[in-house]
Amino acid sequence: MSSEEAFAISWKQLPQRDCWRANDNLAEQDQDTSNVVHRKFNLKQCENPIALQSGGWEYLDHTADVQIHSWGIDMSEAYGAAVVAMSGYMVELGDIPGNLQAEVHIQGHDEQSLLFNLMDECLYVFHTEQFVTKRVIVQSLDTFTWEIKATLQGGSFDSSRHSQGTEVKAITYSNMQIVKKPGSVEAFVIVDI
Amino acid sequence: MATKVSSKRRLKRSYEEELSFLRRTAPCQYQIDVGFVPNMRAPGTFFVNEKLAPLVKSELQRFCENESAGGFIPAVKQIANVSSLPGIVQSSIAMPDVHSGYGFAIGNVAAFDMNDDEAVVSPGGVGFDINCGVRLIRTNLMEEDVDSLKEVLAQTLFDHIPVGVGSKGIIPTTMKSLEEALELGMDWSLREGYAWPEDKEHCEEYGRMLQADPTKVSSRAKKRGLTQLGTLGAGNHYAEIQVVDEIFDDIAAHKMGIGKVGQVVIMIHSGSRGLGHQVATDALQHMEKAMARDRIKVNDRQLACARISSREGQDYLKAMAAAANFAWVNRSSMTFLARQAFAKVFEKTPAELDMHVIYDVSHNIAKVETHMIDGETKQLLVHRKGATRAFPPHHPLIPCDYQFTGQPVLVGGTMGTCSYVLLGTERGMQKTFGSTCHGAGRAQSRSACRRKLNYEEVLNNLKEKGIAIRVASPKLVTEEAPESYKDVSAVVDTCDEAGISKKCVRLRPLAVIKG
């Protein structure tokens, strides 16, 4: 139900109130800027039609939550695939248009926190901007300073038009593993449902 | 990397060896001996009966037999990991609905001594959904009044309460009023006119944690919370119209305003939404740094913690309290919407329908409480993750109305199965820091359910039982099917048998609204 419809209902107890404003300017008082280097999240139109995410993923059994197992030829691919796997659990990826993109610059302090922070950022933009990440193109991944620069491609989610899956609440470090072998990298992440 | 894996494998014990650490100490009670995992400072305890024990053990067996990478840590290991945290008192306890979670197991209770400088607070012991909880609202309607209107009611409730992934609240909020809500909790709802003054009385902590400090909540968290105030969410959250199926304790039920079998009640299960999830995520990252500084070693990275007295510890407790307030405001807003929905359908005011809150419990929270430990009063920080507070009669922190009966404990069942109202007992106070189970607890994995079950079949089963259902996502229906959960009656019976709480009322669903 939209807010207009909600306000059209004659509430029996209360007078109407001001409409909510989602785009209130947030006070930039935040101390915690350690993980995301760029705070501003600017969505742009995609330059090229987007291709499929490279690498692969599957959902493994976990009693309460979901374990994402992703893989690729290098860390960039495995990390990107883990992000797309998370999006795929929340929405039907095929429904989402691939017309938007945005740049992110994430920092961590080891390989696990880098993956955690990247996934957390993508989850955050989903919940605040309704932006579904369908593909992650890693521009650079620095394993010395643990920084990642990437382009997120995807589109906007509209709950009235697109079918939905289950909400992912958060990323966890629980039994997180990054297995590196020559020519392949696998990542295991449990996300909280 | 390869050598690391092989050394891990050599250290791994067989399933039989692992089982030797688990001992049955009383009917429905098992102890996990020190040595089960490294650095244990206290034993672990879990309450399960004959029906539930195999489920707990099968998680362990799967873990032992898993040769490949991946997999998850079984609940018993997680209970034991918690008892390795500094400052733990007595033992790390798990309720009958225990299953594997992240960091702490779901259903895990652990208390830390406030007077111990080493004692810690862990966001993993609260979980991501801070102050996730259940609220029960009564009505003076009977089953026959509702039966013909079931579908209409379900649809109206579904129209009023925003549910599902990416849903937005219809309660008007600005950044300023959000900050006030974080600080004031249900006092905000009361001020804005969404709650009744009596609601506060029947709520843990009276719907407001006083140590809340909105400035400790990051703007990321606030931004996630802003649009989500008054939304149900997805996952296992639901709103149900239920009917009283059986009353075990007449006097206590009367105190709650439940007169007879057939009375209609409404149950709402929700939490602090994105705001709470982000608060927990932020805290996890801060605490990783604090742990390196204070040289705290834990068995599992998700168990990140900080000393209670440290800045990180205090900041987390303040932010957690703010998120808890948000959850109460959220549940109050949905109570308001449910009252409006009922008022609309029955063309009576909510007051005429006697739609009072029976009680509101939190099952993901850490609180400072006073407990008797070996004859001494102690201030403890009790973490409850997937466990409900269950205080006995005459406890000063429970409302006047329930002083002689004990605190009502609301145990939500699964979609299409029963829910229960339990009462806190003195025995629970002594054995489990006044805690009991919170729900059925999962038995099967989500992805297995998606593979095995067909959503039409699940919906038809519910229809056959005469339950009206509205869901935002068909995929979720299979994940949340009753088949994927433990038998809630077995869980509740274990609590009753172990004496940590006692049965009062059983409820059965008429209509379900889900994410």
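Arg339(B) lies over the face of Trp196(B), 3.7 Å from the ring centre. A charge is taken to sit over a ring if NZ of Lys or CZ of Arg is within 6 Å of the ring centre and within 35 degrees of the ring normal. Lys503(B) is likewise placed over the face of Phe248(B), at 4.9 Å from the ring centre.

The model is predicted: local features need pLDDT of at least 70, side-chain atom pairs count only at pLDDT 80 or more, and totals for chains, interfaces and linings use all residues. Residues are numbered from 1 along each chain as its sequence is written, chains are lettered from A and ligands numbered from 1 in the order in which they are written, and side-chain values use heavy atoms, with hydrogens and water left out.

Chain A may be considered next. Its secondary structure comprises three helices and nine strands, where helices (H or I, at least four residues) and strands (E, at least two) are DSSP runs numbered from the N terminus. Along the sequence of chain A, the pattern is α-β-β-β-α-β-α-β-β-β-β-β. Of the 193 residues in chain A, 59% are buried; buried means under 20% relative accessible area, exposed over 50%, and partly exposed in between, with a 1.4 Å probe and protein chains only. Contact means heavy atoms within 4.5 Å. Among the contacts in chain A that join residues at least 6 apart in sequence, 68% are between residues at least 24 apart.

Chain B is assigned domain 1 (15-125) and domain 2 (132-514), bounds of this kind coming from an automatic or database domain assignment. The centres of the two domains of chain B, taken over C-alpha atoms, are separated by 24 Å. To the contact between them, domain 1 of chain B contributes 48 residues and domain 2 of chain B contributes 53.

Helix α4 of chain B spans residues 75-82, and eight of its eight residues are buried, so the helix is largely enclosed by the rest of the structure. Among these buried residues of α4(B) are Lys77(B), Gln78(B) and Asn81(B).

Aromatic rings form a further theme. Over all chains, the structure holds ten aromatic pairs. Phe21(B) and Phe36(B) form a tilted pair, 5.8 Å centre to centre with 55° between the planes. This pair links distant parts of the chain, 15 residues apart: Phe21(B) is in the loop between α2 (15-19) and β1 (22-26) of chain B, and Phe36(B) is in the loop between β2 (29-32) and β3 (44-46) of chain B. Rings of Phe, Tyr and Trp (its six-membered ring) pair if their centres lie within 6.5 Å; planes under 30 degrees apart count as stacked, over 60 as edge-to-face and the rest as tilted. Both Phe21(B) and Phe36(B) are buried. Elsewhere, Trp188(B), Tyr194(B) and Phe336(B) form one aromatic cluster.

His438(B) lies in the loop between β17 (435-436) and α15 (446-452) of chain B. With a relative accessible area of 14%, His438(B) is buried. Beyond its neighbours within four places in sequence, the residues in contact with His438(B) include Asp97(B), His363(B) and Leu410(B). The side chains of His438(B) and Asp97(B) make a polar contact at 2.5 Å.

Methods: A polar contact is a pair of N or O atoms within 3.5 Å; within protein, one must be able to donate a hydrogen and the other to accept it, and residues adjacent in sequence count only if both atoms are side-chain atoms.
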